[in-house]
Amino acid sequence: MMKTLLFTVLIIAISFALLSIKVIVRKNGKFSSQHVHDNPALRKLGIHCVLDQDREARGEA
C-alpha cells in the first residue's frame, strides 16, 4: 500500500514539474490562457465563449 502511494506521489510530482517547465525556465514565464476568447484561431472561426453565445442567443448583445 505504501509503495503504491509513494509511486503515485512521485508520478504526480514529475507531471507537475514537466507541466511547469515554461514557468520555471522563463524569466517572466506564466501559463498561457486556456479560455476560448484568448485563442485567435477560435476567434477567426467565429467560435465564442459559451457565455457570449448565450448572451447573443438571448438577444442581449
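**Reading the terms**

Colleague: Why is Ile24 called exposed?
Modeller: Its relative accessible area is 63%, and exposed means over 50%, buried under 20% and partly exposed in between (1.4 Å probe, protein chains only), so Ile24 counts as exposed. This is a predicted model, where local features need pLDDT of at least 70 and side-chain atom pairs count only at 80 or more, while totals for chains, interfaces and linings use all residues. Residues are numbered from 1 along each chain as its sequence is written, and side-chain values use heavy atoms, without hydrogens and water.

Colleague: Where is Ile24 found?
Modeller: In helix H2; helices are DSSP runs of H or I, at least four residues, and strands are runs of E, at least two, numbered from the N terminus.

Colleague: How do you know that the span of H1 agrees with a helix?
Modeller: The expected span is 1.5 Å times one less than the number of residues. For the 18 residues of H1 (residues 2-19) that gives 26 Å, and the end C-alpha atoms are 26 Å apart, so the two agree.

Colleague: How many helices and strands does the protein chain have?
Modeller: Four helices and zero strands.

Colleague: Why is the chain called more spread out than a compact globule?
Modeller: The radius of gyration, taken over C-alpha atoms, is set against the globule rule, 2.2 Å times the number of residues to the power 0.38. For 61 residues the rule gives 10 Å, and the chain has 20 Å, well over that, so it is more spread out.
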